[in-house]
Amino acid sequence: MKGLKIVEHPVLKHHMSVIRDKSTSKQQFKYSLDIISHILALEVFEDATLKKISVETPFETIKGSALKERIVLLPILRAGLGLLEGFIYFVPDASIGHVGVYRDEKTLKPVPYYFRFPKFVKGEDMIVVILDPMIATGGSSIYVINKLIEMGIKKIRLASVIAAPEGVKMIMESIKPVHLKKIEMFTCCLDDCLNDRGFILPGLGDAGDRLYGT
Ligand code: PRP
C-alpha cells in the first residue's frame, strides 16, 4: 500500500471541530462536511495523471493539459454520500457508483446490500475513489476494496474524514500484499482508538445519523 496520507489545512481543522461538536446542527454538520470534502478531494487528486492536449485560446494554439484517467466516485451508503459534493465540484464529469454496506451493530461485521458500478472496459485507465467519512474497524472499506480488486481496478483511493488506528491496521493487514500498491488511503484525522461498541474515539458519533438526522 502506498500508505495513509493525513490531510492537513487550517480551514480543515476548523471544520473538523465543527463536525465533532455534539451540539452542531444537522445543517451545520452538512455544511462543514461539504467544505472538508473539497479540501480532501484536492489532496486525493494530487497524483492524477495529465495528458497533453491542444488548446485554442482566443489568440493562438497552445499545449495544455487534461486529466488523463477516468474518475469513478464510489460513496459507501449512507454516510459516503456526504463527501460527494467536493469531489464532483472538481471533477464534474466523474462517473458515480454506489455501494450499500452497513455494519451489524452486534458483530461489527459489514453487511453488503447494494453494489452498482458504472460500465467500464477491463484495463481502462481509471481512478476509483471510495468515499466514506469513517474508517472504524475497517470492515466496510475492506469489503469494497476487495470487490474492486476482484474487478481488476488498479488505482484505488480511499477518502475518509476520521480513521481509527485499528481500522487502518486491519486494512493494511487484510489486503493481499500483491494488491497493496494499488491502494492509497486519505484521512483528515487519525483518531485515538475504538470503544467497545466499535465507535471511533474521540470521533464524531455516527456520520450517517448526524448527516440525515436519524
Ligand atoms: C458507518 C460508516 C462506515 C462504517 C465504518 O456506516 O459510515 O461505512 O460504519 O465502520 P467499519 O470501518 O467498522 O466498517 P454505518 O454502518 O453506520 O452505516 P450508515 O452510513 O448507513 O449509517
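**Helix packing and nonpolar cores in a predicted model**

Serine 37 is buried, because its relative accessible area is 0% and the term covers residues under 20% relative accessible area, with exposed meaning over 50% and partly exposed in between (1.4 Å probe, protein chains only). The structure is a predicted model, in which local features need pLDDT of at least 70, side-chain atom pairs count only at pLDDT 80 or more, and totals for chains, interfaces and linings use all residues. Residues are numbered from 1 along each chain as its sequence is written, and side-chain values use heavy atoms, with hydrogens and water left out.

Serine 37 belongs to helix H2. Helices (H or I, at least four residues) and strands (E, at least two) are DSSP runs, numbered from the N terminus. Leaving aside residues up to four places away in sequence, serine 37 touches Leu83, Glu85, Gly86 and Phe87, where contact means heavy atoms within 4.5 Å.

How does helix H2 pack with helix H1, and at what angle? Helix H1 (residues 10-20) and helix H2 (residues 26-44) meet at an angle of about 150°, and their axes are 9 Å apart. Axes are lines fitted to C-alpha atoms, for helices over the stretch in contact, and angles run from 0 to 180 degrees between N-to-C directions. H1 and H2 are therefore roughly antiparallel to each other; angles over 145 degrees count as roughly antiparallel, those under 35 as roughly parallel, 65 to 115 as roughly perpendicular and the rest as oblique. The crossing of H1 and H2 is left-handed, a term used if the near helix is turned anticlockwise from the far one by less than a right angle, whereas clockwise gives right-handed. On the H1 side, the contact is made by Val11, Leu12, His15, Met16, Val18 and Ile19, and on the H2 side by Gln28, Phe29, Ser32, Leu33, Ile35, Ile36 and Ile39. These residues comprise 10 nonpolar, 3 polar and no charged; Ala, Val, Leu, Ile, Met, Phe, Trp, Tyr, Cys and Pro count as nonpolar, Asp, Glu, Lys and Arg as charged, and the others, Gly among them, as polar.

Helix H4 (residues 139-150) and helix H5 (residues 165-174) pack at an angle of about 30°, with axes 9 Å apart. That makes H4 roughly parallel to H5. H4 passes H5 in a right-handed crossing. Ser141, Ile142 and Ile145 of H4 make the contact with Met170, Ile171 and Ser174 of H5.

The largest nonpolar core has 37 residues, of which Leu73, Phe87 and Val129 touch the most other members. Such a core is a set of buried Ala, Val, Leu, Ile, Met, Phe, Trp, Tyr and Cys residues joined through side-chain atoms within 4.5 Å. The elements that give two or more residues to this core include H1, H2, strand E4 (70-77) and H3. H2 gives the most, with 7 residues. Apart from this core lies another, of 26 residues, among them Val99, Ile153, Ala163 and Ile175.

Serine 95 is found in strand E5 and counts as buried at 17% relative accessibility. Among the residues that serine 95 touches are Arg70, Leu73 and Pro118. Aspartate 93, in contrast, lies in the loop between helix H3 (84-90) and strand E5 (95-96), and counts as exposed at 67% relative accessibility. The C-alpha atoms of aspartate 93 and arginine 70 are separated by 8.9 Å, although the two residues are 23 residues apart along the chain.
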